[in-house]
Amino acid sequence: MDPLRRSPSPCLSSRPSSPSTPPCEMRGPVGIEAVLDQLKIKAMKMGFEFNIMVVGQSGLGKSTMVNTLFKVWKSNPPDLGVPPSQTLQLHSVTHVIEENGVKLKLTVTDTPGFGDQINNDNCLRPLDIEFLQRLCRTVNVVPVIARADSLTIEEREAFRRRIQQNLRTHCINVYPQMCFDEDINDRTLNSKLRERIPFAVVGADQEHLVNGRCVLGRKTNWGVIEVENMAHCEFPLLRDLLIRSHLQDLKDITHNVHYENYRVIRLNESHLLPRGPGWVNLAPASPGQLTTPRPFKVCRGAHDDSDDEF
């Protein structure tokens with residue numbers, strides 16, 4: 001036998017001769033599903049951040065609504081004896097909330113004195129309209145009807161319809177925006193939410209005993225208004241939207257859409273980008289320019305670390 005002649009390689013001898021033979025299948029998992037566990041461990045270590053700004057007249061219950069949403073009064077009791085300072089400057093407070101080992105760094109920005117001296121008899125005021133037109137291009141806007149327990153069911157629905165008409169007339173896009181519905185399930189859920197916007201909410205930071213159970217609500221001469229009872233108000237819809245179902249989507253849209261729009265604006269202002277299809281104008285639109293804004297949308301999966309914006 002020729003010593004230089006080698007025996008055929010086992011790989012070559014076992015290679016299928018027919019091109020129609022299917023390729024070899026993997027003989028076991030490679031561990032891709034473990035990525036979910038890694039993400040969970042990282043999230044538990046790092047925690048989450050969520051920034052929210054509440055806007056409205058004094059006395060509407062903005063602080064109470066935030067307390068009701070995140071139950072921050074249990075760890076930080078309010079100073080009821082100290083009157084709030086009268087200032088027009090933005091005020092931010094940060095809380096670290098922990099629930100079942102998950103930490104959330106919540107930053108709440110208040111706008112004291114917003115429109116306190118302006119009449120509000122005709123639904124949305126000119127100040128509200130201009131403010132929302134500017135704001136909806138830079139952040140996610142979720143309007144609510146405050147102190148909904150002061151309205152009857154009929155008054156609440158009529159007020160809701162007037163606000164919805166004002167939003168459409170002045171091209172104010174509120175969250176969840178229709179252009180960001182990614183599939184049929186998102187479209188179905190978000191369509192139901194859009195029908196109820198603005199949510200009629202009631203805030204409360206005290207618990208009461210009703211029919212043998214402890215409920216969060218406001219006690220009146222006619223009974224207890226239960227915050228989490230859909231027959232009384234729509235606070236559960238607002239809570240589920242902001243926390244339980246859409247919190248990460250709010251952060252993603254802020255990071256990948258609104259922040260990218262802002263970045264383009266700043267680059268345009270610094271003359272680093274020529275005016276063109278990507279140029280965005282943040283000035284309020286004139287009556288002849290009130291068309292549905294088309295945001296500069298960026299691939300939502302382009303960034304991984306979207307935990308720093310809300």
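Select helix α3 to begin: its buried residues pack against β1 (48-54), β2 (91-99), β3 (102-110), β4 (144-145), β7 (213-220) and α7 (235-245). Helices (H or I, at least four residues) and strands (E, at least two) are DSSP runs, numbered from the N terminus. Buried means under 20% relative accessible area, exposed over 50%, and partly exposed in between (1.4 Å probe, protein chains only).

This is a predicted model, in which local features need pLDDT of at least 70 and side-chain atom pairs count only at pLDDT 80 or more, while totals for chains, interfaces and linings use all residues. Residues are numbered from 1 along each chain as its sequence is written, and side-chain values use heavy atoms, with hydrogens and water left out.

**Stop 1: helix α3**

Stay on residues 62-70. Helix α3 is mostly covered, with 7 of its 9 residues buried. Colour these buried residues: Lys62, Met65, Val66, Asn67, Thr68, Leu69 and Phe70.

**Stop 2: lysine 71**

Step on to lysine 71, which follows α3 and has a positive phi, near 55°. The side chains of lysine 71 and glutamate 228 meet in a salt bridge (3.9 Å, N to O). Lysine 71 lies in the loop between α3 and β2, and glutamate 228 in the loop between β8 (223-226) and α7, so the pair ties together parts that are 157 residues apart in sequence. A salt bridge is a side-chain nitrogen of Lys or Arg within 4 Å of a carboxyl oxygen of Asp or Glu. Side chains of opposite charge can pair when their charged atoms come close.

With Lys71 and Glu228, they are linked in a network of salt bridges.

**Stop 3**

The structure holds 14 salt bridges. Pick glutamate 226 and arginine 213, whose side chains meet in one of them (3.1 Å, N to O). Glutamate 226 lies in strand β8 and arginine 213 in strand β7, so the pair ties together parts that are 13 residues apart in sequence. Glutamate 226 is buried, with a relative accessible area of 10%. Arginine 213 is partly exposed, at 41%.

Next, select aspartate 128 and arginine 125. They form a salt bridge, with the closest N and O atoms 2.7 Å apart. Aspartate 128 is buried, at 11% relative accessible area. Arginine 125 is buried too, at 4%.

**Stop 3: a patch on the surface**

Leucine 36 sits in helix α2 (residues 34-46). Leucine 36 is exposed, with a relative accessible area of 60%.

**Stop 4: helix α8**

Select residues 247-269. At 1.5 Å a residue, the 23 residues of α8 should span 33 Å, and the end C-alpha atoms are 31 Å apart, which agrees. The expected span is 1.5 Å times one less than the number of residues. Where does α8 bend? Look at threonine 254, where the bend is about 35°. That bend is the angle between axes fitted to the seven residues ending there and the seven starting there.

**Last stop: the whole protein**

Zoom out. The protein has 8 helices and 8 strands. Buried residues make up 33% of its 310 residues.

Notes:
Contact = heavy atoms within 4.5 Å.
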